[in-house]
Amino acid sequence: MSAHRYGEYAKDVSGWFLGMTGAQLALVTLAGVPALLALNGQAWGLFVGWLPVWALLAAVLLVPIRGRAAGRWFGDLCLHAIGGAMGWAAFGSRAGAGTADDLSEADLPGVLAGIRTHDGPPFGQLFTRPVIVQNCAARTWAAVASIAHPGIGLAEAGERDRMGAGLAEMCELAARTELIDVLVLQVRTVPDDGAERAAWERAHTHPDAPTLAARVNALLGATLTPAAVRTEAFVTVVVGEGRIARAARESGGGVDGRARVLHSVMAEVEAALRGPVGCTTVSWLDSAQLAAAVRTSFAPGDRGELVAADLAAASSQQLATGVPMAAAAPTMARAEVRHYLHDAWASVTDTILLPDSGAVLGALAPVLVPTVAGERRCLTVFLDPLPLTRATRVVSREQMSATTGNEMRARMGFRQRARQRRDTERVGAAEEKLTAGRALVRVAAAACVTVPATWPVVEHGRRLSASVRAAGFVPLRLDLAQDSAFAAAAIPLGVGLPDRRGRG
């Protein structure tokens, strides 16, 4: 196992004053104005009566409960209730209703409703046409690649460290381009449907084979196939419209102009993936491949039929293959409070909080291990490399917040705790690394488990949380937002890391 432990990270957003953001500080101050006025007017009864109210309001605004403050919980619960009453929490596809006019137009639920796909110009030496994913709601453009990596399970410590350094180099490259908003790494552990094995057996079975050997082979296939899994990995490069607009105008404008700029970014990322990261295959998806990837995200059981149709078509059989983008979404979907229902499947998603003690490369591997046959696991990591100017502002604000908090505690006579000293040291180390040319990267991770809807989804959600804890991390269930969480954790479209993160 690698001896290098990665732990030089800090809270995403630090408060301006004693951990409070500007809005929180303003609201707490306004809530205390009546008490200050009563104290100034020597109205002691009003002063004593308002103090508990002030403390309660401060607790509602500041004390986090499972990742969110009580006031945030109340607001989110109201929004969820309004969405359920208005029918916004349920989705029905146009293809399922028979009203889809253009089968190449994406029709996706929830936060994916703004997704549009375009066939870009030829790319690379083979002149393939990778699909360009446009998110009209977030004003971003993205490209998705399917990758193959040998893994780090059997790698030596030095090789693991080189792969970790290669990932850091790729993030620094993304920061230097000043075009990439987010790099999304997604790994899915999918139950093996046996489609490739069945096709191989049909092509290689000898008619004169011994009966006993055929029976043993069939028994092995029936026993081992349900317990087998396949691993799929995707990399999504997301570029914001604000960063790409000027370069796109110089490249001809429109979708093709943005695609040409995105192609240059894709080439740089592909070189980093094949080089220091150690990927053996990087294949940018076209429209048909992306539609299949999205469809199997919602319905893992459909992969076998799609693969069987592709194999049959390759053997000169007249069969329809693939799935149109309009039919990639589920026929029906509904967002519940603690899970997400989509057709015959149900999913539970947790975000993953980084441990204070740090983690080694590959520590999240237990999250991808299914607990029972037929369970699908997904793990998605969002890497948001910040430009140098923005990273410098963030580190300066964190340093000022840490210095102010330490001085206030010293004047009030409080002893500085070990965690506070460690946070101050981390801020100083981050400033030194920025000066040395390193990149500051925002990191977020989400894990998802998908099972048939007839299974006890609550129990499988608890097993997912147990796997996250066994890996040394802290799970946080995304209650009231399971549809958006599923889109972030299981669908390789680059949706999931918002501009403003939770500050509780």
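**Helix packing and cysteines in a predicted model**

Biologist: Which residues of H12 meet which residues of H13?

Modeller: In this predicted model, Leu 388, Ala 391, Thr 392, Val 395, Glu 398, Gln 399, Ala 402, Asn 406 and Arg 409 of H12 meet Gln 420, Thr 424, Val 427, Ala 430, Glu 431 and Leu 434 of H13.

Biologist: How do those residues divide by class?

Modeller: The contact of H12 with H13 comprises seven nonpolar, five polar and three charged residues.

Biologist: At what angle do the two helices pack?

Modeller: Helix H12 (residues 388-411) and helix H13 (residues 418-435) pack at about 150°, and their axes are 10 Å apart. Because angles over 145 degrees count as roughly antiparallel, H12 is roughly antiparallel to H13. H12 passes H13 in a left-handed crossing.

Biologist: And how far apart are the axes of H8 and H9?

Modeller: The axes of helix H8 (residues 241-250) and helix H9 (residues 254-277) are 9 Å apart, with a packing angle of about 105°. That angle makes H8 roughly perpendicular to H9.

Biologist: Which residues meet there?

Modeller: Glu 241, Ile 244, Ala 247 and Ala 248 in H8 meet Gly 257, Arg 258, Val 261 and Leu 262 in H9. By class, this contact of H8 with H9 has five nonpolar, one polar and two charged residues.

Biologist: Changing topic, how many disulfides does the structure hold?

Modeller: The structure holds zero disulfides. Cys 378 is in none, and its nearest cysteine sulfur, that of Cys 448, lies 5.3 Å away. A disulfide requires the sulfur atoms to be within 2.5 Å.

Biologist: Is Cys 378 buried or exposed?

Modeller: Cys 378 is buried, with a relative accessible area of 1%. Cys 448 is also buried, at 0%.

How values were computed. Residues numbered from 1 in each chain as written. Predicted model: local features only at pLDDT ≥ 70, side-chain atom pairs only at ≥ 80, totals over all residues. Heavy atoms only, no water. Buried < 20%, exposed > 50% of the residue type's maximum accessible area, 1.4 Å probe, protein only. Axes fitted to C-alpha atoms, helices over the stretch in contact; angles between N-to-C directions. Helix = DSSP H or I, 4+ residues; strand = E, 2+ residues; numbered from the N terminus. Parallel < 35°, antiparallel > 145°, perpendicular 65-115°, else oblique. Contact = heavy atoms within 4.5 Å. Nonpolar A, V, L, I, M, F, W, Y, C, P; charged D, E, K, R; others polar. Left-handed = near helix turned anticlockwise from the far one by under 90°.
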